[in-house]
Every structure is written in C-alpha cells, then in structure tokens.
Amino acid sequence: MRCFIGIDLGSTTTKAVVIDENQNILGRGITNSRSNYDTAATIAKQEALVNGRFYLFRQALGTTNALDGALDGFLGQLERDFRLEQYLEQLGDLGETCHRNLATAKFGDSTKAVEVALTEVFRRLQAEAAELFKPGAKRKSDFFRDIAGSQYLAIGEAVAKEAGTRYDFLLNVFDRSIIEVENRVYADSIRRHLLAALERTFIALPATAARRTQVEAPIKGILDTEMVETYVVGTGYGRARLPFSKEHIRSEILCHGLGAHVMYPNTATVLDIGGQDTKAIQIDPNGIVESFQMNDRCAAGCGRYLGYIADEMNMGLHELGPLAMKSTKTIRINSTCTVFAGAELRDRLSLGDKREDIMAGLHRAIILRAMSILARSGGIRDQFTFTGGVAKNEAAVKSLRELIFENYGQLTINIDPDSIYTGALGGATFAWRAVMDDGKVAENRPN
C-alpha cells in the first residue's frame, strides 16, 4: 500500500498525517518535540503509521461482522493493550538506564541505598502500569515522559521516605536517564506489541475459537501488509532541522493553508495559533495562499504563553479553558507578554479578582491579539477556519466567536477536532501531489 506522509515539526509538538492514494486519511500521530528533531519526526511518523493500522483494522473487521456490534469496544481495548505493551517496554528500558547511570553517579556511601530504592520504585511502577491503561483511566498525557515522570515522582518520594534515602538522588538519576530513553525509537517492537496486545484483548474480552479466528485473520493480514512510505513532506516551526532534502520541505504557511482547504474546501481565511506563533492566512478557492501575517518573534498570545500561565496557576494546560468558562465578570488584561504575565496575574489575584475571571480575560486578550493579526492579513472572510492546539481550548473558541460576530457579523466558523494536524495534512497532500500529479518517484523520499 502506497502512503503519503506529512510531518509538522512544531515548537511544542510534532505531528504526522498519513494518507493513501485516494487521499483518505489513514492515520495521525503526535509526540512532544525534542532537541533531537530527527527523533521527533521519526516517532510522530511511526505513531501515524500505527494509527493507520488501527484504521485498517476497523475497515477489515467492519466487513466481517465478526464482532456483532462490539467493534468499537474491541478496538478500544486493543489500543489500550497496545499502549500498555509500549509503556512496559519503555519502562523496562528506563529502569535499566537509571541503574546504568547510577553506576557513574557520585553519591558516595549512599549509592547502595539508592540502588535498592531504585529497584523498588521500578517494581512498583511495573505493578501499577496496567491501571493506567484501563477503560476510563486518567493520565497526565499520552507521552511516555509525562506518564512515567508523574508516576516516578510520586512513587519515588514514597519509597525514599520509607527507606530513609535522599529523594533528590532518585530525581537526579531519573533526570539523567529520561532524555536518553525518550529519544529512542522502538519501531522494531510494534508488530510484537500489537500481537501481544491482541492476546491481552482476548483475555479481557473472551471469544469463541471460531470468532477468535474471524478476528485474528484480518488483523494479521493487515500486519503483513506493507505501508510503503512513498513520499514524505516536512513543514513547521522546526522544518529547517528536519532530516529532509529541500525538495521535501514546504513552508508552514502553505501547508496550513492547503490543510485547511482539504478539511473545509470553502475556507477563505485561516487562523492558526500554535505553541510558538500565530498565523493569519488568506487562501483562494483552490487552497493557494494569497496573503498572510504572523506574529513577531515573541510567543505572546500563543500556546507557550498559556503553558506559562498554567504553571503560574499550578494547573494543567487542559484545565485553563474549563476554568475560564466559569467566569461571570469581564476583566481587561493589558498584556499578553509572557515575561509580564506572571506579574499581572499576581496583581489581579491580590486585588481580589477571581481566578476564573482572570482566565477569561487572558483568553480574550489572546484572541484580540490574533484579531489584530487577522486584520493586517486582510480581515476575516467567509468561511473562516481556526486551527492549531489553541483551537481545542473552549474559552479561546468562545472569545473568538464573540469577537468575530462583533466585528464581522455572522460567519461560518470551522473548527475540526483534529485541527492540530492541519499543517501535517497539508504536507501529506503536497506529498501526494508530488507523486500523483508531478510524477516524482519513491526514490526521492528522505530516509
């Protein structure tokens, strides 16, 4: 099967999209961006191809009727079991790496005690792993570093206290090891993990021998189907660092414009608010960019700004929007500068303003800044498409809808749940065109 891949290397996350010869989206993948951009691109692509396998599983199993209406539950369990298998391998790798790094640490007479504590920490991490992937389980994120990190900190503190060992020594070993593990690619393990996950799923959801055969056969057939990386195009904030030739690089403006057009063919104006920048793009009926504007080098009003606010409030980034939605009072925030955000936030709190009202004011300030950039690009035309990670923030969306109505009247506003993948989708579409329209051959793809 020929596949066309787009990779969007952003400042915070790296996204990938895989499409087939008919431009159907097979899979999407995301990982946190690293200093090692080669690894970030590889892992995002790997995640998209895995997601593509699950898409093909659904198609194949849907035609057999083997699961009698239980398809969603089966695939949900299979994916959870697959993620558990991945997590366990990385956890084992992290444990070995921590012990190896402990051997070179200079903890003096405490080294033996730290080694014993470390063994106990990873014993408990392994024992509790399955709970993290049960139906309805809440995790800090889906990235290994975040999951393992939060678990390690909590368990490590408890073990250190019980053993009378210095907690900071355990943290030191973790910090020295996690980046090393995070930057490893486990591509060779995917098939093994999927087959092991299948066995776990049949244990969780028992099936008769006949039904098991009906389910196993199409899944193993898809695992044996090669997903050929026919052509790959890279884009995004870190595109200059991608391991691609110039022929395989497109600007993020072009990719976001085309990606928005693919999602919503009648799109005329695109706003993308990512981790590091805000882009306002005007496109024609064919998805070709007519004009655009971007914020300056400062990350004010972008995802990084919201991340800083979340840290100041001791909250998760995903909690900011819901908190702002509880606001009952409009508060004017004068600055979206990340440097001064903490000071203004503390001033507002000291004046007695409620946290939810401050958050609502911050979100409105972010969108006001974006509206200014949109105005410089040519304004807002119907239809309008909002993309990027901030498009998943309900308070930002609320402010955007209000300000668009106040300034431009009633317009069609498109917000796709997968809008964070817009740039990668544009890249995949450029990759498809390179082969299907321009006749480029597979040998031109990057390694």
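**View 1. Helices H1 and H7 pack at an angle of about 140°, with their axes 9 Å apart.** Axes here are lines fitted to C-alpha atoms, for helices over the stretch in contact, and angles run from 0 to 180 degrees between N-to-C directions. H1 is therefore oblique to H7 (under 35 degrees is roughly parallel, over 145 roughly antiparallel, 65 to 115 roughly perpendicular, and the rest oblique). Helices (H or I, at least four residues) and strands (E, at least two) are DSSP runs, numbered from the N terminus. This is a predicted model, where local features need pLDDT of at least 70 and side-chain atom pairs count only at pLDDT 80 or more, while totals for chains, interfaces and linings use all residues. Residues are numbered from 1 along each chain as its sequence is written, and side-chain values use heavy atoms, with hydrogens and water left out.

**View 2. Here are the residues where H1 meets H7.** From H1 come Arg53, Leu56, Phe57, Ala60 and Leu61; facing them in H7 are Gln214, Val215, Pro218, Ile219, Ile222 and Leu223. Contact means heavy atoms within 4.5 Å.

**View 3. Four strands form an open sheet in the order E3-E2-E1-E4, with mixed pairing.** Strands pair if DSSP finds at least two bridges between them. At the edges lie E3 (25–32) and E4 (228–235), each pairing on one side only. Helix H1 (residues 37–64) packs on this sheet, touching E1, E2, E3 and E4.

**View 4. Strands E1 (residues 2–9) and E4 run parallel, joined by seven bridges.** Look for Cys3, whose bridge partner in E4 is Glu229.
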